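Visitor: Hi, I'm new to this one. Could you walk me through it?

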Amino acid sequence: MEIIQYRMEQDRQYKNKLLEEQRYEYPDNRLLSPESIDAFARNAMHLDRQPEEKVVVIAFAASMAPVGIFEVSHGTIRSALVSPAVIFRRLLLINAACYAVIHCHPSGDVDVSEEDWQITEQLKAASEIMDLPLIDHIIVGDDYYSFKESSGIL
């Protein structure tokens, strides 16, 4: 399966457009479980080897096939700022049916911070309003943490 990573730019009329940034070849046709999303994040995107926190969104079609990837934040060694508006602009432009958020902890420790809980709750609330489900939020480190599997929040 080929998954395309996009970036967003504004044209001269300040309209947002998607530009292809990178293509990932991946053997699975769908990323249906937290384990498969974690494996993609590690094996294709190398999120477990990043020196700073990165936040990535995978957009899915109704069939659960990935339709695009977006890096929505590149932070510091300890944090990354995430805006629901930034995420939803991209999801709407690509016509996503649902999405997953992945971010890395460069320390390797996948313990959930207060900020991780807050952004997950904000995204869940915004997702319900937008009718665009957040299917998981996964933290990648030496292992992984899935909010869907472990917290009951999603």
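Guide: Here is a short chat about the sheet, the helices and a pocket.

Guide: This is a predicted model, where local features need pLDDT of at least 70 and side-chain atom pairs count only at pLDDT 80 or more, while totals for chains, interfaces and linings use all residues. Residues are numbered from 1 along each chain as its sequence is written, and side-chain values use heavy atoms, with hydrogens and water left out.

Visitor: Okay, in what order do the strands of the sheet come?

Guide: The open sheet has seven strands, ordered β2-β1-β4-β3-β5-β6-β7, with mixed pairing. Strands (E, at least two residues) and helices (H or I, at least four) are DSSP runs numbered from the N terminus, and two strands pair if DSSP finds at least two bridges between them.

Visitor: Which strands are at the edges?

Guide: β2 (16-25) and β7 (144-146), each of which pairs on one side only.

Visitor: And do β1 and β2 run parallel or antiparallel?

Guide: Antiparallel, joined by nine bridges. Ile3 has Tyr24 in β2 as its bridge partner. Their hairpin has five residues between the strands, and Tyr14 there takes a positive phi near 65 degrees.

Visitor: How many bridges join β1 to β4?

Guide: Two, and those strands run parallel. Tyr6 stands opposite Phe70 in β4.

Visitor: What about β3 and β5?

Guide: β3 (residues 54-60) pairs with β5 in the antiparallel sense over six bridges. In β5, Cys98 is the bridge partner of Phe60.

Visitor: Which strands does α3 touch?

Guide: α3 packs on the sheet against β5, β6 and β7, and its direction makes about 165 degrees with that of β6. Contact here means heavy atoms within 4.5 Å; axes are lines fitted to C-alpha atoms, for helices over the stretch in contact, and angles run from 0 to 180 degrees between N-to-C directions.

Visitor: Switching topic: how much space lies in the largest pocket?

Guide: About 430 Å³. A pocket is an open set of points on a 1 Å grid over the protein atoms alone where a 1.4 Å probe fits, with protein on both sides within 12 Å along at least five of seven lines; lining residues have an atom within 4 Å of a point. Points are joined across faces, edges and corners, and the volume is the space filled by probe spheres set on them.

Visitor: Which residues are closest to its centre?

Guide: Of the 23 lining residues, those are Glu53, Ala80, Ser113, Glu115 and Asp116.

Visitor: What supplies the largest share of the lining?

Guide: α3, with six residues.
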